[in-house]
Amino acid sequence: MQLFVDKESAYTRLDKFLRKQLKNVPLSEIYKLLRTGKVSVNERTVKDPAYELEPGDTVEVDEDLSKYSRQVTVVKPVPLKLDIIYEDEDVLALNKKAGIALHPGDRTVGTTLIHGLMFYGKQKGFTPHLVHRLDRDTSGVLVVAKNSRTARILSHMFRERLVDKEYLALVAGQLRGHGKIDLPIDGLEAVTEYIVLENFDRATLVRVILHTGRTHQIRKHFAALGNPVVGDTVYGDRTANRYFRDNFGLRRQFLHCLRISFMHPVKPERLNLKAPLPEELEEVLERLRA
């Protein structure tokens, strides 16, 4: 059984992670699995219950737990077309499409990106590790580590703000010039910088630079500003969303990770990874300009 550690599950103890993932497995059995060396993290046996997990870690349980009734989240390889924009022996970068979740969750049904990455990795001889996240309906650059060492380095770089991240967003209403949104999220520092690129009748195209990486940061910050991301069904404006759906055929949030730049975790070079704006978003802009 293989379990994936996402950003929400990271930086917790291994035993707590297993208790959460294997809710119907008795606690005594979980500690027995650890004690007898049946649990590994990134292909290395870990017996310490207090071992701290990081984003992108893969936890494997070498034991048949089918006698316990709870259905656990198991990541199995599934063929999936991947839009690869960069690859070497340590790093893989994709142009993620909107509409696909990164990994299984309570509200996620069907194939996710990690399923496809597991299939691709099995063919190429590596285990993929997600080191950051993009929302289901956000497109653009997604960085994947191809081994546990690279995963730990990249996770550290994302956590310590050693990675430059640039997005394009269409937000409702009018904004001017350049601004910075400094507003905590869940009690944690969160800073978003934006530069206005184009103004339209009912919306503004902005270049967004993230200085922190909180969950839904861009969407929450622009909603708090009174200019929510167009198409955002959670934090957005229903009237604006309906207008852009009916008049421009926009059926997703207009948010795209355009560029991610960082020093290569192994080589003495800087990676500057870019993903072009998807066709459906380009069409919206063309119609707005017309």
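Author: The second largest pocket has a volume of about 870 Å³. A pocket here is an open set of points on a 1 Å grid where a 1.4 Å probe fits, with protein on both sides within 12 Å along at least five of seven lines. The volume is the space filled by probe spheres set on the points.

Reader: Which residues are closest to its centre?

Author: Lys7, Lys165, Thr212, Gly213 and Arg214, out of 43 lining residues. Lining means an atom within 4 Å of a point.

Reader: Before I go on, what are the ground rules?

Author: This is a predicted model: local features need pLDDT of at least 70, side-chain atom pairs need 80 or more, and totals for chains, interfaces and linings use all residues. Numbering starts from 1 along each chain, and side-chain values use heavy atoms, without hydrogens or water.

Reader: Which strand gives the largest share of the lining?

Author: Strand 9, with 4 residues. Helix 5 (217-225) is among the elements that supply at least two. Helices (H or I, at least four residues) and strands (E, at least two) are DSSP runs, numbered from the N terminus.

Reader: Which residues of helix 5 are buried?

Author: Gln217, Ile218, Arg219, His221 and Phe222. Buried means under 20% relative accessible area with a 1.4 Å probe, protein chains only.

Reader: What do they pack against?

Author: Strands 9, 10, 11, 12 and 13. Gly226 follows helix 5, with a positive phi near 90 degrees.

Reader: New topic. How many helices and strands are in the chain?

Author: There are 7 helices and 14 strands. Of the 290 residues, 51% count as buried.

Notes:
Buried means under 20% relative accessible area, exposed over 50%, partly exposed in between (1.4 Å probe, protein chains only). Contact means heavy atoms within 4.5 Å.
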